[in-house]
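Notebook open, structure loaded. I'm jotting down what I look up as I go.

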Amino acid sequence: MPFANNIIRHRHFFFFLNPTRLSVCSSARKFNPKVPTTPTPKLSKLTESKKKIELLGIQCLDCCLPGRYNCLFCPQCRGGKSMDKTLSQHNIQHGYFAMRRCFQTNCGWAGQAFADSSKITINGTKLEPIGDELVAYFAERRISKATLQRNAVMQKSGDQAVIAFTYRRNGAVVGCKYRTLEKKFWQEKGTKKWLYGLDDIEEAAEVIILKVEGEIDKLAVEEAGLHNCVSVPSGAPQMVSAKELPTLEKDTAYQYLWNCKEYLDKVSRVILATDVDNPGNALAEELARRLGKERCWRVHWPKKDDCRYFKDANEVLKCLGAGALKEVIENAEPYQESV
């Protein structure tokens, strides 16, 4: 049988292509070759990456396959004046993370989305879950690890001396503010300004607005059982402006209010919990002018001694406890009567 003999004579060639089948292919009759194929990415990883991308406002089409670069509309700049698809989005072959960058001249929005939600990258800065050193730092301020995790507080990758407060909207990271243990602050460049803790006021009828650089105070207020609080990202003035309110487009120092307008418009009461110094008082006045003084209330921090007052929510939490902090906030007075 020339045909059978031919198969036996070339049997070792087939074994070379299929070494994992040596135990099965002991004879030419049992051999059943298979065409090699590229491993299919795990659906769970691809699904998680896609969810993270869509939370950022990027519309992932069915044609956005792993291992390919895709041109999409950028949710930040909308393609500029030309309305072009300027966002380059790339899903890594195995679906573990996706990269993005907008090539519109005035945008440059970039970052990565990981299927593993414990790691993220914002404009090239890698973040990781908060470590033991910073957990201990917050514990001294009576802020629990559970509160840190709930608010997705992270740290710069490999550097426990830098806290990363991730700003989120609808669960997606829209910005980040960094803080060293020596109280040096900076924010990601080229991102919109938002209130910190925005998702916590989505359905709130009453909102507590804390001072500038008040991310830690927001966490402190949560320890008192109040989640409907946000903090101002930047811009405390030294004094109240004597000018009329600028138009929305020109009100650059308070753009974070206008960016969150849809959240704040439906609120019936706004509790202002700023510092009691001149910048804190000026900030409270500027916020009240824009939000409407008739719906604003003001927190008065209690006295520390005969000459001094507690300066903020975290100091009250540390010294007097969660119950006292909650009581102070609940005893806020109407703004018109407090000035």
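For the labels I take strands (E, at least two residues) and helices (H or I, at least four) as DSSP runs, numbered from the N terminus. Met83 has a positive phi of about 60 degrees and is not a glycine. I flagged that because most residues other than glycine have a negative phi.

Housekeeping: this is a predicted model, so I read local features at pLDDT of at least 70 and side-chain atom pairs at 80 or more, while totals for chains, interfaces and linings use all residues. Residues are numbered from 1 along each chain as its sequence is written, and side-chain values use heavy atoms, leaving out hydrogens and water.

I found Ala152 in the loop between α5 and β7. Is Ala152 buried or exposed? Ala152 is buried, at a relative accessible area of 17%; my cut-offs are under 20% for buried, over 50% for exposed and partly exposed in between, with a 1.4 Å probe and protein chains only.

Next, helix α4 (residues 132-139). I have Leu134, Val135, Tyr137 and Phe138 as buried there. They sit on the same side of α4, because they cover an arc of only 155 degrees around the axis. The arc is taken over the directions from the helix axis to the C-beta atoms. What covers the buried residues of α4 includes α5 (145-150), β7 (153-156), β8 (159-169), β9 (172-180) and α6 (215-223); contact here means heavy atoms within 4.5 Å.

I then went to α6 itself, which is mostly covered: 8 of its 9 residues are buried. Among them are Glu215, Asp217, Lys218 and Glu222, along with Ile216 and Leu219. Just after α6, Gly225 takes a positive phi of about 90 degrees.

On to helix α11 (residues 322-330), where Leu325, Val328 and Ile329 are buried. These cover an arc of only 95 degrees around the axis, so they lie on the same side of α11.

Val270 counts as buried, at 1% relative accessibility. Which residues does Val270 touch, not counting those up to four places away in sequence? I get Val207, Ile209, Leu291, Arg295, Cys296 and Trp297. Val270 and Ile209 are 61 residues apart in sequence, with 7.1 Å from C-alpha to C-alpha.

Cavity search: I got 1 cavity of 30 Å³ or more. I ran a 1 Å grid over the protein atoms alone, where a cavity is a set of points that a 1.4 Å probe fits but cannot get out of, and lining residues have an atom within 4 Å of a point. The largest cavity holds about 50 Å³ of space; points are joined across faces, edges and corners, and the volume is the space filled by probe spheres set on them. Its lining includes Tyr167, Cys176, Gln187 and Trp194.

Last, chain totals. I count 12 helices and 15 strands. Buried residues make up 43% of the 339 in the chain.

Conventions
On a 1 Å grid over the protein atoms alone, a cavity is a set of points where a 1.4 Å probe fits but cannot get out, and a pocket is an open set with protein on both sides within 12 Å along at least five of seven lines; lining residues have an atom within 4 Å of a point.
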